[in-house]
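Student: Please take a close look at the ligand sites in this model. I want contacts, cover and shell make-up.

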Amino acid sequence: MIEDVVRTVCPRDCYDSCGIVVRRRDAGAVKVLGDPDHAVSRGALCGKCAIAYNGVWRDGAARLARPLRRVGPKGEGRFEPISWDAALDIAAARLGAVPPATVLNAHYTGTRSVLAAAFGMRFFNRLGATEIEPDSVCNLAGIVALERIYGSAVHGFDPRTARDAASIFLWGVNPSASAPHADKHWLGESSARVVVVDPIRTATAARAHLHLRPRPGTDAALVFGLLHVLRRNGKIDRDFIARHVDGWREIEGHLATTTPAWAEAASGVAAADIERAAALYVLGPALLWIGQGLQRQKLGGAIVGAVAALPAATGNLARPGAGFLYLNGAGRTGIDRGGFVAKTAKRAGAADAISHMDFARVLGDPKRAQAFFCWNANPAASNPDQLALRQALRREDLFTVVVDLFQTDTADYADILLPAASFLEFDDIVTSYFHLNLSAQQKAAQPPGEALPNQEIFRRLARKMGFADAALHETDPAMLDALIVPTGLAADFADLAAKGTVSPPVRMQFADLRFATPSGKIDLRGLSPAADPPTASGRLRLFSPASPWALNTSYANDPKLDAKLGDTATVHPDEARARKLEPGAKITLANATARLPATLAVDDAVPPGVVLLPKGRWAKRAASGLNVNALNASLRADLGASTAAHSVEVEFVVA
Ligand SMILES: Nc1nc2c(c(=O)[nH]1)N[C@H]1C(S)=C(S)[C@@H](COP(=O)(O)OP(=O)(O)OC[C@H]3O[C@@H](n4cnc5c(=O)[nH]c(N)nc54)[C@H](O)[C@@H]3O)O[C@H]1N2
Ligand SMILES: Nc1nc2c(c(=O)[nH]1)N[C@H]1C(S)=C(S)[C@@H](COP(=O)(O)OP(=O)(O)OC[C@H]3O[C@@H](n4cnc5c(=O)[nH]c(N)nc54)[C@H](O)[C@@H]3O)O[C@H]1N2
Ligand code: SF4
Ligand SMILES: [Mo]
C-alpha cells in the first residue's frame, strides 16, 4: 500500500484553473484534492469539482469505457460495444463518403487542455469540415466588440496588478459562481473598493461596496450616464484621448443628454448611485472585469463596447492597477495555440464557420449537413433551440459521431460513440483565461477500459482516412515540448511538471499603448447609449447564468450535483405576489418556443422582471426531458451572431 501524490491542474472552462493533487495508492487515484501550494486553489477545489472528481468522474459505471455502435432508434441511447478498429473504420468510411463541407464539426471547451482541445482541429482542417463557431454559444459578441475597439479581446489585465488598484469594477460577471477562487482570494483579499454591476444580487455583489442593478440590457445607457458625470467633474483624460483614442468626439455628442436622470430612467439605476460609481472609478487606478454573462444580451456587443470605453475615456490603462479584462488568451503565457492548429492548413475551399445560433437549422438541412462530429461539447443540452436540434439529430440520413466521457444528452443521438480519457488520465498543458498561469496536467490514473485521449482518437482516425500529413501524427511528448519551449517558462514538459504552475513576470496590459486596430489607436467610433426597453407586463427576462453546482452541463450527471442543481426558478417577491404563487409552487415557464416545468423560489436577490434558472442540467434527467435551453429560439446578439441567452423572455402559465 504505497501512497504517492501527483500534482496536476483543473482544465475546466473556468477562470480559476486550480492546482490539484491526486493522492494515489498502488498508482490508482484515491482522492482528488486542491493543491495546498497552488496560488489559486490554496488546497481547496470548488464544491462541484470536489464532488465530481471524487464522484461521477471516477465512477466506472458512469464513464464510457468502450467504443459503441447504435442499435436502437436515434435518441434512445441504446448501443452495443465494438472494437476501436471497427468503430473508426465505420467513421472513416462514412466521413469520407460525403462532401467534406457537409461534415459539421462541433467542439468547445469540455476540456481546455491544449492537446485535447486543439489537436483535433488539425484533423478537421485537413478534412475540410465546417466548424460550428465555438465562441458563438458563449462570448463572441464581446470578442468582436473588443477587437474593434482595442484590436484584441484576449489581452486582459494581469490580475497581480490588483495590489495597485484603488477600485475594482465587476461588470456582468459573477465570480462567486463562475470563478470561486478568484472571488474568495483575489477579490476577497483586495483592499480596493469593489463595485459590482449586475441585475442580480449575487454573493459577490452582496459583499461589494457598491452594487448597481441595471435592468437587463441597459448597461450602455448606464455607461453614458457615468461618462456624463465624469466629463462634468473634469475627470475625462483629454491628454490620453488626444494621443491614443479615435472617436471621442462622437461619444461626446451624446453626453449632453445622457445625464444621470436620463440614465436612471433608461437603466433603473438611481442617479445618486451613478454619481457614486463615477467617483469610485476615478478614485485612483481602476480595474474593470468585463463579464461574459454581460454580453449574452441582444445588445451585448454595444454594451461591451460602451463599458470598454470607460478605461479609454479616463486613461485607466498602461499604469499599475489600471486596465480591463475580458479574457487572457494562451498567448499571454507564450503558448501559440493558433500556430499549433495551423500546422495543418485549412483545406482550400472549406466553408466558413457557422454560428451556433444557426446550428439547429443547418443540421436539419440534408443538403448542408450529412455528417456531424461532436467532441468536448454537449449541444443537445447547452444549445438553444433544443427541440429543433433534437429533431435534426434524429435524422436517419445524418451520420453522427460523439466523443465524450459520458453518455450525455448529445451522445444519445450518436451512431458511433467514442470513449474519451479524462484530464486525470493523460499529460497535457493548461493555461488560465484569468491568471497568467501555465500548468502541467499530469497523468494520475489509467483511463477506464479502452478510453483514449481526444488527440489519440484523432491520430487513429486520420490514419484510417489515409491522411498521412506528419502534423496529424505528432506524438504528445513532441507536441508538448514544442509548445512549452518558446514560452521560456520551462525547459520542457518534464521541467514544467516538476514546477507545476509557472507565470511570466507581471505584465502591464497594452504597455506600449499600441493597438492592433487599423489606426493603431483605441477606436470608440460607433458606440451608442442604446438600451432595451422594460419587458412587457406579465413577461419576465429569463437569466440562465453559471450555477455554482455545475460547469456548463459537465457534472450534472453526478447525483449529488444534479440534486443541488434542481429545477428551481427564482423570482422577486413582487412577481410571486402578483401571480399569487407561494415558494415551492410547481410552475411552467412558457413562450412561443417551448414550455418548461420548474419549482418556484422567491428571493429579492432577483430583481422584479427577471426569473433566474441557472444553466447546467441534463435535459434527459428532468421529468420533462427538457432544460432551460428549450425556451431559447436562438436569440442572437448584435455582433458575431453570438448568443443572447439572457435576453429570452417567458411567462408563467398554469401547468
Ligand atoms: N441557457 C444557457 N445556455 C448556455 C449558457 C448560458 O449561460 N445559458 N452558456 C453557454 C456557454 S458560456 C458555453 S461555453 C456553452 C458550453 O456548452 P458545452 O460546450 O456543451 O459544455 P458542456 O455542457 O460542459 O459540455 C462539455 C462536454 O465535454 C465533455 N468532456 C470533458 N472532458 C472531455 C475530454 O477530455 N474529451 C471529450 N471528448 N469530452 C470531454 C464533458 O463530459 C461534457 O459532456 O454552453 C452555453 N449554453
Ligand atoms: N460554476 C460554474 N463556473 C463557470 C461556468 C459554469 O457553468 N459554472 N461556466 C464557465 C463559462 S463557459 C463561462 S463563459 C463563464 C461565464 O461566467 P460569467 O462571465 O460570470 O457569466 P454568467 O454566469 O453567464 O453571468 C454573469 C452575470 O451576468 C449577469 N447579467 C446578465 N445580463 C446582464 C446585463 O444585461 N447586465 C449586467 N450588468 N449583468 C448581466 C447575470 O445576472 C450574472 O450574474 O463561467 C465559467 N465558469
Ligand atoms: S472548476 Fe474552476 S474552481 Fe473548480 S476546481 Fe476547476 S478550476 Fe477550480
Ligand atoms: Mo462559456
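**Ligand sites**

Around ligand 1 there are 29 residues, and N378, S382, D404, T553 and N629 come nearest. A residue counts as near when one of its heavy atoms lies within 4 Å of the molecule.

The model is predicted: local features need pLDDT of at least 70, side-chain atom pairs count only at pLDDT 80 or more, and totals for chains, interfaces and linings use all residues. Residues are numbered from 1 along each chain as its sequence is written, chains are lettered from A and ligands numbered from 1 in the order in which they are written, and side-chain values use heavy atoms, with hydrogens and water left out.

S382 uses its side chain, with a polar atom 2.7 Å from an oxygen atom of ligand 1. S554 also places a polar side-chain atom 2.8 Å from an oxygen atom of ligand 1. On its own, ligand 1 has 920 Å² of accessible area, and the protein covers 96% of that. Accessible areas come from the Shrake-Rupley method with a 1.4 Å probe; for residues, only the protein chains shown count as cover.

The shell of ligand 1 holds 11 nonpolar, 13 polar and 5 charged residues. Here Ala, Val, Leu, Ile, Met, Phe, Trp, Tyr, Cys and Pro are nonpolar, Asp, Glu, Lys and Arg are charged, and the others, Gly among them, are polar.

Next, ligand 2. It is surrounded by 35 residues, the closest being D198, D219, R296, A550 and N552. D198 puts a polar side-chain atom 2.6 Å from an oxygen atom of ligand 2. Q297 reaches a nitrogen atom of ligand 2: a polar side-chain atom lies 2.9 Å from it. N174 works through its backbone, where a polar atom is 3.0 Å from an oxygen atom of ligand 2. The protein covers 99% of the 920 Å² of accessible area that ligand 2 has on its own. By class, the shell of ligand 2 has 17 nonpolar, 12 polar and 6 charged residues.

Definitions and conventions
Polar contact = N/O pair within 3.5 Å; in protein donor to acceptor, adjacent residues only side chain to side chain.
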